[in-house]
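Hi everyone, thanks for coming. Let me put a structure on the screen and walk you through a few parts of it.

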Amino acid sequence: MRRALAQAARAGAAGDVPVGAVLLGPGGPAGPPLAERHNEREVANDPTAHAEILALRGAAGRLGDWRLTDCTLVVTLEPCTMCAGAAVLARVGRVVYGAREARTGAAGSLWDVLRDRRLNHRPEVIAGVLAPDCADLLTDFFRTPGFEAPHDVG
């Protein structure tokens, strides 16, 4: 999670919502990092440039396979529906996240896409890892003087 927090700080410094993600290769939480990314929606003018999506793309490219079975997605903020859906479609084995997102979270807060029994794949979910550190980074970002809060924080 510390690596994901470092990525999140990079996003915040660039003016993007500070969310970071790391995709770890097979081997559980001790797997090698395959991709480390942060939100780039503002920089890229791309609504899909969430840290999780970028990390999934990077890891799939590095492995040469869209199936990220037995890989672990570590993210500082609970994934939204798009990112949770992408993790399911990529067959990610585990999703670890820090801060809860009551307004848009899709790993148990608002929806629970990751554990929906109607889907063909359900990653293991580990919530609340370094949650205070992850939440503080977001809170500090949104309290920046002159910052106008967006309608969403994904």
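Let's start with Cys 83, which lies in helix α4; helices (H or I, at least four residues) and strands (E, at least two) are DSSP runs, numbered from the N terminus. A word on the source: this is a predicted model, where local features need pLDDT of at least 70, side-chain atom pairs count only at pLDDT 80 or more, and totals for chains, interfaces and linings use all residues. Residues are numbered from 1 along each chain as its sequence is written, and side-chain values use heavy atoms, with hydrogens and water left out.

Is Cys 83 buried or exposed? Cys 83 is buried, at a relative accessible area of 0%; buried means under 20% relative accessible area, exposed over 50%, and partly exposed in between, with a 1.4 Å probe and protein chains only. Setting aside neighbours within four places in sequence, Cys 83 is in contact (heavy atoms within 4.5 Å) with His 50, Glu 52 and Ile 53.

The UniProt record, an unreviewed entry, places the feature "binding site" at His 50, Cys 80 and Cys 83. UniProt positions are in the numbering used here, feature names are shortened, and annotations may be inferred rather than shown by experiment. These residues span 34 residues in sequence, yet no two of their C-alpha atoms are more than 9.4 Å apart, so they gather at one spot. His 50 lies in the loop between α2 (41-44) and α3, and counts as buried at 6% relative accessibility.

Five strands form an open sheet in the order β2-β1-β3-β4-β5, with mixed pairing; two strands pair if DSSP finds at least two bridges between them. β2 and β5 (124-126) are the edge strands, each pairing on one side only. β1 and β2 are antiparallel, over five bridges, and Val 22 in that region stands opposite Glu 36 in β2.

Finally, the largest nonpolar core has 43 residues. Such a core is a set of buried Ala, Val, Leu, Ile, Met, Phe, Trp, Tyr and Cys residues joined through side-chain atoms within 4.5 Å. Its largest share, six residues, comes from α3. Leu 23 is among the residues with the most contacts inside this core, and touches Leu 68 and Cys 71, among others.
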